[in-house]
Amino acid sequence: MGADETGRRGYDIPPMPEVGKLSKPLIALIIIILLGLALTGAIIQVPPGHRGVLLTFGKVEDTILKEGLNFKMPIAQSVVFMNIQLQKAESIESTGTKDLQEVSTTVVVNFRLNPSKVNLIYQDLREDYVSRVVKPNIEETLKATTAYFKAEELITKREQVKSTFDDILKERLSLFNIEVVAVSLTDFQFSKSFSDAIEA
C-alpha cells in the first residue's frame, strides 16, 4: 500500500454524494408519504375563516383545528367546519311599546361564533344556531326593549333604544358563545291610527 497525495496510507475515502442527487429521492419520498396520508384521510385542510370541530366516532373533542393543514386519525375521526366569519341575521318583528302601541321594526344583527368555543356550539346546536338561538333571541330582545319605551321615544331616543337592545342581546347570546358585533334598528312602522295622530 502506497501513500496517497494527502500522505495517508492505504485507505481510499469514498467521494461525498452530491446534494442534488440526495434531495430528489428525498423530495419524492416526502411527496409519496403526504399523498398516502391524504388518500387515507389523515390530512384535513381547514379553509380560511373557519375552525374544525374534531369528532372521534361522533364524540366532540376538546381540540379545535385552526386554518390550514391538520392531521386526524383516518376512519376514526371526522371534522365539521364551523364558520367564524362575520355573519348577518335580519328580521322584521312586530312588538308593543310601553304605551301599548304596536310597532313593526326591521332589525339587522352582525354576529360571529367564538372561535375557541365552536366545539361547544356544535355540541349544543350543531349548525342550526341562527334558527335555534340567534333569531328567537332577536325577537325576544326587541319585545323586551320596546316595552321600556313609549312609541314616540323610539324615534326621539333612538340611540338609547339601540343601546338597550344591544346590551340585552349581547348578554343573551353570550350564553351560547355567540358574539354580537353590531346592531341596526331601522324602519319603525307604527299603526295607522298612531301615525295619523302624529300627523294631526
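# Questions on a predicted model

Visitor: Which residue forms a salt bridge with Lys 170?
Guide: This is a predicted model. The closest N and O atoms of the pair are 3.5 Å apart, and the partner of Lys 170 is Asp 166.

Visitor: Is Asp 166 buried or exposed?
Guide: A residue counts as buried when its relative accessible area is under 20%. Lys 170, at 37% relative accessibility, counts as partly exposed. Asp 166 has a relative accessible area of 17%, so Asp 166 is buried.

Visitor: How many residues apart are Glu 139 and Lys 143 in helix α3?
Guide: The side chains of Glu 139 and Lys 143 meet in a salt bridge, with 3.3 Å from N to O. Glu 139 is partly exposed at 29% relative accessibility, and Lys 143 is partly exposed at 36%. About one helical turn separates the two, because in helix α3 they are apart by 4 residues.

Visitor: Which residue forms a salt bridge with Arg 112?
Guide: Side chains of opposite charge can pair when their charged atoms come close. For Arg 112, the closest N and O atoms of the pair are 3.2 Å apart, and the partner is Glu 179. This pair links distant parts of the chain, from Arg 112 in strand β7 to a residue in strand β8 that is 67 residues apart from Arg 112, namely Glu 179.

Visitor: How many salt bridges does the count come to?
Guide: The pair of Arg 112 and Glu 179 is one of them. The pair of Glu 139 and Lys 143 is another. The count comes to 6.

Visitor: What is the order of the open sheet that has β6 and β8 as its edge strands?
Guide: The sheet has 3 strands with antiparallel pairing. The edge strands, β6 (87-96) and β8 (178-190), each pair on one side only. The order of the strands is β6-β7-β8.

Visitor: What is the relative accessible area of Thr 141?
Guide: Thr 141 has its place in helix α3 (residues 129-146). Not counting residues up to four places away in sequence, Thr 141 touches Phe 165, Ile 168, Leu 169 and Arg 172. Thr 141 is buried, and its relative accessible area is 0%.

Visitor: Why is one side of β3 and of β5 left without a neighbour in the sheet?
Guide: An open sheet of 3 strands has the order β3-β2-β5, with antiparallel pairing. β3 (59-65) and β5 (77-83) stand at the edges, so the reason is that each has a single partner strand.

Visitor: Which residue takes a positive phi in the hairpin of β2 and β3?
Guide: Strand β2 (residues 50-56) and β3 run antiparallel and are joined by 4 bridges. In β3, Leu 65 is the bridge partner of Gly 52, and Lys 59 stands opposite Thr 56. The hairpin has 2 residues between the strands, and the residue with a positive phi near 50° is Phe 57.

Visitor: Which helix lies across β2, β3 and β5?
Guide: This helix runs at about 150° to β3. The helix spans residues 118-125 and is α2.

Visitor: What area does the nonpolar surface patch with Leu 29 have?
Guide: Leu 29 is found in helix α1 (residues 19-39). Leu 29 is partly exposed, with a relative accessible area of 47%. Leu 26, Leu 29, Ile 30, Ile 33 and Leu 34 make the patch, and its area is about 450 Å².

Visitor: What share of the residues of the chain count as buried?
Guide: The chain has 6 helices and 8 strands. The chain exposes about 12900 Å², and carbon and sulfur atoms supply 56% of that area. Of the 200 residues of the chain, the share that count as buried is 35%.

Key: Residues are numbered from 1 along each chain as its sequence is written. This is a predicted model: local features need pLDDT of at least 70, side-chain atom pairs count only at pLDDT 80 or more; totals for chains, interfaces and linings use all residues. Side-chain values use heavy atoms; hydrogens and water are left out. Two strands pair if DSSP finds at least two bridges between them. Patches are made of residues with over 30% relative accessible area and no salt bridge: like charges are joined within 9 Å, nonpolar side chains (Val, Leu, Ile, Met, Phe, Trp, Tyr) within 5 Å. Accessible areas come from the Shrake-Rupley method with a 1.4 Å probe; for residues, only the protein chains shown count as cover. A salt bridge is a side-chain nitrogen of Lys or Arg within 4 Å of a carboxyl oxygen of Asp or Glu. Buried means under 20% relative accessible area, exposed over 50%, partly exposed in between (1.4 Å probe, protein chains only). Contact means heavy atoms within 4.5 Å. Axes are lines fitted to C-alpha atoms, for helices over the stretch in contact, and angles run from 0 to 180 degrees between N-to-C directions.
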